[in-house]
Amino acid sequence: MFADLSQSAPCAPVRLVARAMGTHFELILAGRDEAHLRASGEAAIDEIETLHNRYSAFARDSVVTRINAENGAVRVDAEAFELLARAEALRSETSGAFDVTVGRAMGTLGHRRTLDAELATDDGGAAPLLLNHTARTVCLACRDASIDLGAIAKGFAIDVAIGMLREFDIPSALVHAGGSTIAAIGVQPTGVPWTVTIPDPHERFAPLRVTLTDAACSVSTTRGDPARPQPVHLLDPRTGGAAGGAPLAAAVAASATETDAWATALCVLGTRPASAPASLASILRPERGDGWHVDHASTLDLATISTQATNP
Amino acid sequence: MTDMQRRQFILDTAGFAAATAIIPSLAHAASGLRAPARVGIIGCGRQGRAIIAELSSFDMVTLVALADPESRRLEAARRRAPDAATHADHRALLDAGGLDAVFVATPTHTHLPIVRDAIEAGVHVYCEAPLAHTAEDALAIAGAARASDRVVQAGFLARANPVYDLARTFFRSDAVRTLVAMQAARSRKTSWRTPANSPEQDRALNWRLNPELTTGLAGEWGSHQFDVFHWYTGQYPTAVSGTGAIRLHADGRTVDDTISCMLTFPSAAALTYNATLANSYESTHELLRGTNAAIKLAWSHGWMFKEADAPTQGWEVYANRQQFHNDEGITLIAGATQLAEQGKLKEGVGLLHTPLWYGIESFLKSVTEQAPVVCCAAEGARTTIVGIKAHEAVTSRSTVTIDPAELG
């Protein structure tokens, strides 16, 4: 049943949806062979669901639950270790504005597990995640800390999905998680780049349009979903309280893992730190000001991303 | 040296010793393994990679080798297990030596030569189920296992599942009373197709849609659920009727995407089985209906629904319950007594680990502690053949008899 459709007209895009990580993942795949598009998308969805089970803090047998429950080091596989190591590195790069150990704020109050003082970091507190690269083990440093990968897992899952779709030679695709993290392969079947619209939460400025070609974009806000109000939508890991940086922040880069984490950090910080990588474009909607703040968009390949903002 | 590098250096030199001195993880304590086992995985598709993920939670197991002829799959597996040696085929993996056991997770129709070679190489074998695509191959695997002193376990996971084991004690203790009907179903909206980039790759990867190689939904999915009833009742069906159709995936395939079967048991009630690739509602479950109660099993969870006129046991007063529309089910919780004493009964709802984890744990216990094999090759072969017969019934739209002698 394998047909050579290389000379055929493109088929209608295939749309697949899956529920995972507390949201809906949608995949829109375009090409010539519908059966191949569907099979590729299903394989990517299988992987997303597997990652959900592996990294959910609410699944009894997930890697995260095991680490949170254990009073000591937990051996994990290479993929989990790399993800947690990257998360810990991002914590450092964002000066703690991004931190997967949700309860770390409790640690600053002295609820600390027994550790050597020399493991302390320059900021006076111990890093929340202890990573042993030789044994590939992970240990929470603070007794009351716990891991929640909600601010990075969707981006990571999208990166994995995009990687699989590329391996299956899918020429054009858009993958997003609840509309907050989006990644694209190639351009739309019409030849136009995939376009993301970011609305102004204060509805004072025209929406920002971001075009994506083989790139990812994540958006983070302090307001959350109006249909499901929560006391605190975005936590500032440094204080344990509500984040008060910017009403909305977005990040654009090649990796959805990076944009997912950095969008959160930018929203918490309210400004782009000097430690942000040059390969990451940042978009901030400050609480007060005259419009969007876009940084480092010009350092990216313009064929990959371009921004257009029209302020009144 | 940055602060991060300094801390990593300290951890790398001191952490390993600390890690070995820690309180054993729940997984280790639960498994009770006393000796390290060196294992390999043959077949690095989705199931092989799932095995890799589960093995990482067993402290006393080292994954040392991977084998797959498809480089993309092998690379995907290697990313999860970078310390394991990689091989293009099972022969190279076995010839490299140094293994205590292997997990065979290749396409069903390729199991026999791999299992036979592994047994001859002196390693214990966990073979994914169903064991084979023909009765002859299934019986050959059982014969090879019987002639060997190696542990050979079939990957039918119900028998290692703590919730299923608990439910079976209720079933066999007369809580259900007279069995009147059995049902099982598996539903998932998916094409069942694996993406391929060439005709050769398509033939190799889409064996489930190849009428010459597949045992269809009845064999690949159904057999796992049939085994539950074989285990519970101690019986095997003597006839199976079936039908099927392509309801959604009209992509040129001839293998049905929706099937129905009825399996007739000699003295137990009949089992009706439905499976579809066109709808996901209710996922996977088994149901045993009796005159006193019904038991419903859903792989990570189980419930008992008692008839209003069934006698009440004292422990039921404290049981955790869950409402399903008009029915209230007693949640079957493994280790409930201990959890109740700790005031943690609700935390015990559902399995702590995946069903696959328990299957792997039981296999490793058999390998390292000579624990009884939860599903030996002979039992696995019998269930596999029932699945093959059911597929025959579906494809022929007829009733197929099953002579007990055919099951080995």
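Colleague: Hi! How many salt bridges does the structure hold over all chains?
Modeller: Over all chains there are 35 salt bridges. Keep in mind that this is a predicted model.

Colleague: Okay, and which residue does Arg188(B) meet in a salt bridge?
Modeller: Its partner is Asp46(A), at 2.9 Å from N to O. Arg188(B) sits in the loop between β7 (179-187) and α9 (199-205) of chain B, while Asp46(A) belongs to helix α1 (residues 34-55) of chain A, so this pair joins two chains.

Colleague: Is Asp46(A) buried or exposed?
Modeller: Asp46(A) is buried, at 17% relative accessible area. Arg188(B) is partly exposed, at 29%.

Colleague: Switching to chain B, what does Lys306(B) pair with?
Modeller: Lys306(B) forms a salt bridge with Glu316(B), and their closest N and O atoms are 2.5 Å apart. Lys306(B) is in strand β13 (residues 302-306) and Glu316(B) in the loop between β13 and β14 (321-324), so the bridge ties together parts 10 residues apart in sequence.

Colleague: And how accessible are those two?
Modeller: Glu316(B) is buried, with a relative accessible area of 4%. Lys306(B) is partly exposed, with 26%.

Colleague: Nice. Which residues do shared partners join into one network?
Modeller: That network takes in Glu47(A), Arg54(A), Asp77(A) and Glu79(A), along with Arg49(B) and Arg80(B).

Colleague: One more: where do Arg91(B) and Asp95(B) lie?
Modeller: Both are in helix α5 (residues 90-96) of chain B, four residues apart, so about one helical turn separates them. Asp95(B) is exposed at 58% relative accessible area, and Arg91(B) is partly exposed at 33%.

Note on methods. Residues numbered from 1 in each chain as written. Chains lettered and ligands numbered in written order. Predicted model: local features only at pLDDT ≥ 70, side-chain atom pairs only at ≥ 80, totals over all residues. Heavy atoms only, no water. Salt bridge = Lys/Arg side-chain N within 4 Å of Asp/Glu carboxyl O. Buried < 20%, exposed > 50% of the residue type's maximum accessible area, 1.4 Å probe, protein only.
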